[in-house]
Amino acid sequence: LAMGGLKLVPAEAQVRPPGGQDENRLVASCIRCERCVEACPRGALRPAHIEDGIVSVRTPTTNFNDGWCDFCADENDGVPLCVAACPTEALALPADATAETTIIGKAVLIREWCLAWDKNNGCRFCYDACPYEAIELDENGRPVVVPDNCNGCGACQSVCVSQKEGSYTTGATSRAIIVVPESEA
């Protein structure tokens, strides 16, 4: 839907922080205070921009180019600080939620943009960074995502050097490994 040139709904689904996977509840409950963004010790969150749709403006979305989500395991007894900071429960998790069982999104590897695939240079930053064994190396030492092990934490995306190290392939618009909403994986 468009209103005076502005999108009322996001053009693409957003990867939300832990507890924000119910998009309707998040958008309806979020008061856009940005406390969750401020609470994130890894810099993995940002407020949504107007380009993400006017309904989503200032709601929390991920920023895995700058950081990743470790569920704040060392800071708050395993309860993500973004969830604890939310005054309206727009970010809400079941009591038994863990980093392993909470799916934020899924990593997708774009082979045409990946240094290990495109240049066969042995790059394995994403493999080394993944804390969940969601990335394996194939017989040629190239990374491959294991979707069933991936919770979308963004560790792989945060360390990908494809755009810094010369893998600018025609059409490349992001890093070679990105986290997308689970519905788009």
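**Group meeting: buried loop residues, pockets and cavities**

Let's start with glycine 105, which is buried, at a relative accessible area of 0%. Buried means under 20% relative accessible area, exposed means over 50%, and partly exposed is in between, with a 1.4 Å probe and protein chains only.

A word on the source. This is a predicted model, where local features need pLDDT of at least 70, side-chain atom pairs count only at pLDDT 80 or more, and totals for chains, interfaces and linings use all residues. Residues are numbered from 1 along each chain as its sequence is written, and side-chain values use heavy atoms, with hydrogens and water left out.

Back to glycine 105. It sits in the loop between H3 and S5. Helices (H or I, at least four residues) and strands (E, at least two) are DSSP runs, numbered from the N terminus. What does glycine 105 touch? Leaving out residues up to four places away in sequence, its partners are Cys150, Asn151, Gly152, Val179, Val180, Pro181 and Glu182. Contact here means heavy atoms within 4.5 Å. Valine 15 is 90 residues away along the chain, yet the two C-alpha atoms are separated by 6.1 Å.

Next, threonine 102. Its loop runs between helix H3 (81–85) and strand S5 (106–109). Threonine 102 is buried, at 8% relative accessible area. Its side chain reaches the backbone oxygen of threonine 98 at 2.9 Å. Not counting residues up to four places away in sequence, threonine 102 touches Pro18, Gln21, Phe71, Leu93, Ala97 and Asn151.

Now the empty space. Rolling a probe the size of a water molecule over the atoms shows where empty space is left. The terms: on a 1 Å grid over the protein atoms alone, a cavity is a set of points where a 1.4 Å probe fits but cannot get out. A pocket is an open set with protein on both sides within 12 Å along at least five of seven lines, and lining residues have an atom within 4 Å of a point. Grid points are joined across faces, edges and corners, and a volume is the space filled by probe spheres set on the points.

The largest pocket holds about 490 Å³. Its lining has 20 residues, and Glu12, Val15, Arg46, Thr62 and Val179 lie nearest the centre. Which strand gives the most to this lining? S8 does, with three residues. Strand S4 (60–62) and strand S8 (177–180) each supply at least two. By class, the lining has seven nonpolar, eight polar and five charged residues. Ala, Val, Leu, Ile, Met, Phe, Trp, Tyr, Cys and Pro count as nonpolar, Asp, Glu, Lys and Arg as charged, and the others, Gly among them, as polar.

The second largest pocket has about 190 Å³ of space. Among its 14 lining residues, Ala13, Gln14, Gln21, Glu23 and Pro181 lie nearest the centre.

Cavities next. The whole structure has four of 30 Å³ or more. Pro18, Cys40, Leu45, Cys69 and Cys82 lie nearest its centre, out of 17 lining residues. That lining has 14 nonpolar, one polar and two charged residues.

Last, backbone angles. Most residues other than glycine have a negative phi. Arginine 58 has a positive phi of about 70°. It lies in the loop between strand S3 (45–47) and S4, and is partly exposed at 40% relative accessibility. Glutamate 133 has a phi near 55°. Its loop is between helix H5 (125–129) and strand S6 (135–137), and glutamate 133 is exposed at 62%.

Key: A polar contact is a pair of N or O atoms within 3.5 Å; within protein, one must be able to donate a hydrogen and the other to accept it, and residues adjacent in sequence count only if both atoms are side-chain atoms.
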